[in-house]
Amino acid sequence: MNFGKLIENVTAIQKETDKLYIYGAGFYGKDVCRALHNNDIKVDGFLVTKENVNKEVLGLPVILAETVLKENIGIVIGLSDTYIDEVMRYLESNGVNMSHVVNGGKYITDTGGREDLRVSKVLEVSTIMGCSVNCKYCPQDVLLKKYYENDRKRQRVMTIDNFKLILKHTPEDCIIDFSGMTEPFNNPDCLEMIKMACDAGRKVYLFTTLAEVDEQTVDELIKLPIYYITLHVADKCGYAYIPTTETYYRNVEKVLSAKKADGSQFIDFLNAQTDPDERIAEMAKGKYEIMRSVQNRAGNVKDDSAQHREKDIEPGTKIKCCFCGDDLSNSLVLPDGTLLICNMDYGMKHVLGNLYEEDYDTIRSKGELQRVIRALNCEEEMDELLCRSCLLARVEE
């Protein structure tokens, strides 16, 4: 995840303009700003289309775009591709010199795997309940309380036989994404499951911290044809409980130096919950930008320092998901086979069915998922619609 081309383009624009702004002050805008800062590029502020509740982000002013568009400025778009066309039309209609505009958001989308997940069938796999990493901005308590609410002996660990059923009950073109709501390697059979998915010809994603993973496992992992990998690293504040042992540092060094069969970097995306551990930052220098956005998981994290909606989207408003696409194609399975609508549903508001008992397409063709889709389109009322609290929800005009 090297932003070299972005830096090259922005540097050229900066030579021809008086000021440089980032359009968008959310997830993407902040990450683009950090990448530019890390490469010694001065940013003068963030632009927004409508008045923003925050007057300052990352120490920079947040400015209404319409007040500066007539000036000789450079603009780096810091938005997901869902909003790009709309913003580009707005800039063009206001006479902005489009040769001074660069789409910075696509560098995150392309390396963050988001576009592929949005347009494909995806099953996120939570291999175990309870996560040793216990990140500050992860609502593990909400999930565990709900999961064990009616059965304290409910299945905690996914088995190899369970995973065989998952492969059997999902379409061959369904991405298998080892992430979900826990550190996948907290389950000792995780590596074997990844091998099984690869052997089955599936496109495999992995989101991991490598917390307390042994070196032999990492040595085997880097040999596998995993399509996309995010590594969440230790941070200075300890917001993610990742023991920074020498084994951990060696493992991080291995994966950051490893290559895939096509010669590309083994790790596709690197992030942390706050400024990264200094040794990790040094390892990544010149190879990766480390992203740092955190959010409140559709209201499940009760901490206002995480990015969140100031108020929920009102009922009667059409909503589109920026992450899962129109058909909400990114579902999540828990260790006992319970299928949830997505990785924001820590409170288990939208249980779709059980993947051990029915196949993926059958479950998604009926019941709760179809009710949610109708509610998003304002065709049915749903009082507890999770999406109204989610930052990834886009209001349809």
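Figure 1. In strand E12, Ile290 is the bridge partner of Leu270. The model is predicted: local features need pLDDT of at least 70 and side-chain atom pairs count only at pLDDT 80 or more, while totals for chains, interfaces and linings use all residues. Residues are numbered from 1 along each chain as its sequence is written, and side-chain values use heavy atoms, with hydrogens and water left out. Strand E11 (residues 269–271) and E12 run parallel and are joined by 2 bridges. Two strands are said to pair if DSSP finds at least two bridges between them. Strands (E, at least two residues) and helices (H or I, at least four residues) are DSSP runs, numbered from the N terminus. The open sheet shown here consists of 9 strands in the order E12-E11-E10-E9-E8-E7-E14-E15-E16, with mixed pairing. Strand E12 (290–291) and strand E16 (351–354) stand at its edges; each has a single partner strand, so one side of each is left without a neighbour in the sheet.

**Figure 2. Strand E8 and its two neighbours.** Strand E8 (residues 175–178) is covered on both faces: Ile175 and Asp177 are buried on one side, and Ile176 and Phe178 are buried on the other. Buried means under 20% relative accessible area, exposed means over 50%, and partly exposed lies in between (1.4 Å probe, protein chains only). Strand E7 (residues 122–125) pairs with E8 in the parallel sense over 4 bridges, and Asp177 of E8 is the bridge partner of Glu124. Strand E9 (residues 204–208) also pairs with E8 in the parallel sense, over 3 bridges. In that pairing, Phe178 stands opposite Leu206 of E9.

**Figure 3. Helix H8 between strands E8 and E9.** Together, E8, helix H8 (residues 190–199) and E9 make a right-handed β-α-β unit. A crossover is right-handed if, with the strands pointing away from the viewer, the path from the first strand over the helix to the second runs clockwise. How many of the 10 residues of H8 are buried? The number is 7, so H8 is largely enclosed by the rest of the structure. The buried residues include Cys190, Leu191, Met193 and Ile194. Their cover includes helix H7 (160–168), E8, E9 and helix H9 (215–221). After H8 comes Gly201, whose phi is positive, near 80°.

Figure 4. Strand E5 (residues 73–77) runs parallel to E6 and is joined to E6 by 3 bridges; Asn103 in E6 is the bridge partner of Ile77.

**Figure 5. Leu58 in the loop between E3 and E4.** Leu58 is found in the loop that lies between E3 and E4. Is Leu58 buried, partly exposed or exposed? Leu58 counts as partly exposed because its relative accessibility is 43%. Leaving aside neighbours within four places in sequence, Leu58 is in contact (heavy atoms within 4.5 Å) with Lys30, Cys33, Arg34 and Phe46.

**Figure 6. Two loop residues with positive phi.** Ala298 lies in the loop between E12 and E13. Its phi is near 55°, a positive value in a residue other than glycine. Ala298 is buried, with a relative accessible area of 6%. Met348 is found in the loop between strand E15 (338–340) and E16. Although Met348 is not a glycine, its phi is positive, about 55°. Met348 is buried, with a relative accessible area of 8%.
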